[in-house]
Amino acid sequence: MDKLLNDVLDAHGGLENWSKVTKVTAMVSLHGPFWEARGWPDVYMSQTVVLDPHHEHITFAPFTATDRMSVLDVWPERVKITDLRGNVIEERANPRASFPAPFEPAITPWNAIQVAYFTSAAVWNYLTAPFVFARPDVVAHEIAPWIEGEETWRRLAVTFPEAIANHNPDQVFYYDDTFMLRRMDYSPDVTGKPPVAHYAYDHKSFDGFVFPTRRLVHLHDPEGVADHGFAPIAIDVTSVKLD
């Protein structure tokens, strides 16, 4: 295993401890102009998120109505919108293929299935990192460091397999000298592959594991410098419980 990845895993609670976790429950809100442009301005306020930490299964509730929830399962990919008793209201297999193209950030609308797929795949990866990097089908290795202001952040280049629904296969994760995540770069396929610089803040420990509790999504220029003046998406995590 890459030495930097090993140190990051230890700093976040340890891979052996993570292997014993069977369920993660988080209270999460996602907001910002991105959601309004998709036609769903408040859809992700005050969500209860429940996920399987080892297989890509994640639910959000309430989703689009107080008595509904979304469910993502992967391999094969399928999104369902159900009532709270599990009765299916709407579902789609291979939801990634349904996204409209070309994508215009300010005006392209998405339907509920598309919103659920994009967010569910993203948040499952956010809440399982860095432990998902240790899967045998994921490749992670240290690359050249990055200077951010007066700090130097070490970086992991991570390649995800097709079996993991994610923004895109090749991503980069930045860590400070305490091995905490400070930034991640990716280019979501379904939004036209923009150069995203996603920053992580306010790390807290929950049940022995560390999670960022504030995230801001920006764009970066060709040199990698982020535009901190605009954040289309913000993510707040108020609590995490691990079973």
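Where is S19 found? I'm working from a predicted model here, and I looked this residue up before anything else. S19 sits in the loop between α2 (15-18) and β1 (24-31).

**Entry: around S19**

I checked its accessibility next. S19 has 49% relative accessibility, so I file it as partly exposed; the exposed class needs over 50%. A polar atom of the S19 side chain lies 2.5 Å from the backbone oxygen of E16. I also took the C-alpha separation to H54, which came out at 8.0 Å, with the two residues 35 apart along the chain.

**Entry: the cores**

Which residues touch the most other members of the largest nonpolar core? I got Y44, F133 and L242, out of 66 residues in that core. Helix α4 (residues 112-128) gives the most to this core, with 12 residues. I noted a second, separate core of 7 residues as well, with W153, Y174, Y199 and A226 among them. Nonpolar side chains do tend to be buried together in soluble globular proteins.

Leaving aside its neighbours within four places in sequence, L242 contacts W18, V21, K23, V24, F206, D207, F209 and F211.

**Entry: aromatic pairs**

W18 and F209 turned up in that contact list, and both of them are buried. I counted aromatic pairs and reached 21. For W18 and F209, the ring centres are 5.5 Å apart and the planes stand at 75°, so I call this pair edge-to-face. W18 belongs to helix α2 and F209 to strand β12 (residues 209-219), so the pair ties together parts that are 191 residues apart in sequence.

How are the rings of F34 and F118 arranged, stacked or edge-to-face? They are stacked, at 5.4 Å centre to centre with 25° between the planes. This pair also links distant parts of the chain, since F34 is in helix α3 (residues 33-38) and F118 in helix α4, 84 residues apart. I find F34 and F118 both buried. They belong to one aromatic cluster that also takes in W35, Y44, F60, F63, F99, F103, W110 and Y117.

R38 lies over the face of F34, 4.7 Å from the ring centre. R183 does likewise with W146, at 5.1 Å from the ring centre.

**Entry: salt bridges**

How many salt bridges does the structure hold? I have 11. Side chains of opposite charge can pair when their charged atoms come close. R154 and E142 meet at 2.8 Å, N to O. R154 is in strand β8 (residues 151-159) and E142 in strand β7 (residues 139-148), so their bridge ties together parts 12 residues apart in sequence. I class R154 as partly exposed because its relative accessibility is 31%; E142 is partly exposed with a relative accessible area of 31%.

D176 and R182 form another salt bridge, 3.4 Å from N to O. Is D176 buried or exposed? D176 is buried, because its relative accessible area is 10%.

K241 pairs with D243, and their closest N and O atoms are 2.3 Å apart. I put K241 down as partly exposed, with a relative accessible area of 44%, and D243 as partly exposed at 36% relative accessibility.

E148, R183 and D185 are linked in a network of salt bridges, and R183 is the residue I had noted over the face of W146.

Conventions. Residues are numbered from 1 along each chain as its sequence is written. This is a predicted model: local features need pLDDT of at least 70, side-chain atom pairs count only at pLDDT 80 or more; totals for chains, interfaces and linings use all residues. Side-chain values use heavy atoms; hydrogens and water are left out. A nonpolar core is a set of buried Ala, Val, Leu, Ile, Met, Phe, Trp, Tyr and Cys residues joined through side-chain atoms within 4.5 Å. Buried means under 20% relative accessible area, exposed over 50%, partly exposed in between (1.4 Å probe, protein chains only). Helices (H or I, at least four residues) and strands (E, at least two) are DSSP runs, numbered from the N terminus. Contact means heavy atoms within 4.5 Å. A polar contact is a pair of N or O atoms within 3.5 Å; within protein, one must be able to donate a hydrogen and the other to accept it, and residues adjacent in sequence count only if both atoms are side-chain atoms. Rings of Phe, Tyr and Trp (its six-membered ring) pair if their centres lie within 6.5 Å; planes under 30 degrees apart count as stacked, over 60 as edge-to-face and the rest as tilted. A charge sits over a ring if NZ of Lys or CZ of Arg is within 6 Å of the ring centre and within 35 degrees of the ring normal. A salt bridge is a side-chain nitrogen of Lys or Arg within 4 Å of a carboxyl oxygen of Asp or Glu.
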